[in-house]
Amino acid sequence: MRQNLVCTLTGKNWWKPFMLFIVLFLAVFIPVQLASMGPSTDGGKAMATFFFVLAMEGLLIVIQAAFSVVLMKIAYATIAANGKPFSFTGDIGQYVKINILGFLLCLVTLGFYIPVYARKVTAYVVEHSVYDGEKARFLSRTEKLYKYYVLALLLPVIAIVVIFSLILANSALAANSLIASSAGGIVLVLYLVLFIALIPFIYLAYKWMVNIGWKSLTITWDTQFWPSCRFLLVQLLLSVVTLGIYWPAAVISIYRYFAGKTVICENGSEKSRLGFEGKTGKGFALLWGQTLLTVITCGIYLPWAYANCLRYFVNATVVQEKQDLLGRN
């Protein structure tokens with residue numbers, strides 16, 4: 001037995017709150033960017049600018065959290081499986097509180113609260129997601145994410161930044177050297193190396209997030225570390241080599257890969273797993289087309305673009321029983 005997920009979301013369903021969110025976001029984001037440009041040499045003005053930017057960042061967090069709840073409520077109601085719709089029961093006040101406290105505590109702890117914050121946000125969204133009258137449960141623990149955060153994110157990034165800083169410092173001393181003349185290229189390489197270094201953490205963090213319980217079922221990824229990281233690296237490099245042209249195909253390939261490795265277990269045994277049957281060519285044209293329309297309309301088309309892309313991915317996602325999968329092999 002196989003079930004298709006169904007999404008009926010259109011831009012008409014949510015364009016008003018979506019556009020209000022974009023307007024408010026830009027109204028705060030643009031002043032923050034302007035204030036951050038050309039820092040003042042006056043100590044008092046620099047400090048005032050710092051606190052202004054900090055306050056505006058906090059306001060951005062509030063705006064994003066509030067509208068996330070509104071938009072999730074609308075989107076969830078348009079998605080169904082086996083004829084039964086999903087729903088989101090989150091509360092704006094509670095979600096804003098979690099996010100603003102998380103933002104402040106991340107600042108105070110110099111980022112070491114981030115795994116706790118991530119766990120609280122993920123758990124809130126998952127545990128307010130309802131299907132067939134039953135809420136989901138988030139099963140991952142903060143301790144595991146802390147390990148990933150330190151070993152797969154902080155330490156590699158610090159090591160890479162230190163190494164490249166030493167290279168740039170040496171190039172500054174050697175004014176006539178080849179390295180000095182290519183400092184800009186070194187910075188570009190730094191960004192690429194950082195992106196590559198982030199792949200293991202991104203994979204581990206998402207695998208940590210996909211650990212959900214619902215009734216007697218659990219939903220997890222049936223993946224291995226090195227093959228998954230290698231796959232993600234290839235998709236990243238193809239996007240870089242093609243100067244970004246390949247990115248829609250990369251997104252589709254990554255979704256197809258991990259959807260096919262998302263297993264639904266009952267009592268420790270695989271019961272079914274997801275699959276993705278979307279056509280790559282259709283998705284490539286759709287993602288590029290929706291992106292260009294959004295750019296041409298200066299973002300006004302974004303609610304429709306987001307809805308169209310969401311429908312493409314959800315409607316091509318299927319739940320396949322294990323016996324059906326065995327029968328196809």
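Is Phe-29 buried, partly exposed or exposed? Phe-29 counts as partly exposed, because its relative accessibility is 32%, a value between the limits of 20% and 50%. The legends below describe close-up views of a predicted model.

**View 1. A nonpolar surface patch that includes Phe-29.** Phe-29 belongs to helix H1, which covers residues 11-36. Together with Leu-26, Ile-30, Leu-34 and Met-37, Phe-29 forms a nonpolar patch on the surface. The accessible area of these residues together is about 490 Å².

**View 2. Antiparallel pairing of strands S6, S7 and S8.** Strand S6 (residues 137-138) pairs with strand S7 (residues 211-214) over 2 bridges in the antiparallel sense. Here, Phe-138 stands opposite Ile-212 of S7. S7 also pairs with S8, again in the antiparallel sense, over 4 bridges. Asn-211 has Thr-220 in S8 as its bridge partner. S7 and S8 form a hairpin with 2 residues between the strands, and Lys-215 takes a positive phi near 50° in this hairpin.

**View 3. Strand S9 with its antiparallel partners S8 and S10.** Strand S9 spans residues 262-266 and is mostly covered, with 4 of its 5 residues buried. Strand S8 (residues 217-221) is joined to S9 by 5 bridges, and Ile-219 has Ile-264 in S9 as its bridge partner. A further 4 bridges join S9 to strand S10 (residues 269-276). Among the bridge partners are Glu-266 and Ser-269, the latter in S10. S9 and S10 form a hairpin with 2 residues between them, and Asn-267 in the turn has a positive phi of about 55°.

View 4. Ser-129 is buried, because its relative accessible area of 12% is under 20%. A polar atom of the Ser-129 side chain lies 2.7 Å from the backbone oxygen of Val-125. Leaving aside residues up to four places away in sequence, Ser-129 touches Tyr-76, Ser-87, Phe-88, Glu-134, Lys-135 and Ala-136.

**View 5. The salt bridge between Asp-132 and Lys-215.** The structure holds 6 salt bridges. In one of them, the side chains of Asp-132 and Lys-215 meet with an N to O distance of 3.0 Å. Asp-132 lies in the loop between S4 and strand S5 (134-135) and Lys-215 in the loop between S7 and S8, so the pair ties together parts that are 83 residues apart in sequence. Asp-132 is partly exposed at 35% relative accessibility, and Lys-215 is partly exposed with a relative accessible area of 38%.

View 6. Arg-273 forms a salt bridge with Asp-222, and their closest N and O atoms are 3.2 Å apart. Arg-273 counts as buried at 15% relative accessibility, whereas Asp-222 is partly exposed at 44%. Glu-321 forms a salt bridge with Lys-271, with the closest N and O atoms 3.9 Å apart. Glu-321 is buried at 12% relative accessibility, whereas Lys-271 is partly exposed with a relative accessible area of 33%.

Methods:
Residues numbered from 1 in each chain as written. Predicted model: local features only at pLDDT ≥ 70, side-chain atom pairs only at ≥ 80, totals over all residues. Heavy atoms only, no water. Buried < 20%, exposed > 50% of the residue type's maximum accessible area, 1.4 Å probe, protein only. Pairing = 2+ DSSP bridges. Patch = residues over 30% accessible without salt bridge, like charges linked within 9 Å, V, L, I, M, F, W, Y side chains within 5 Å. Areas by Shrake-Rupley, 256 points an atom, 1.4 Å probe, with all protein chains shown as cover. Salt bridge = Lys/Arg side-chain N within 4 Å of Asp/Glu carboxyl O. Polar contact = N/O pair within 3.5 Å; in protein donor to acceptor, adjacent residues only side chain to side chain. Contact = heavy atoms within 4.5 Å.
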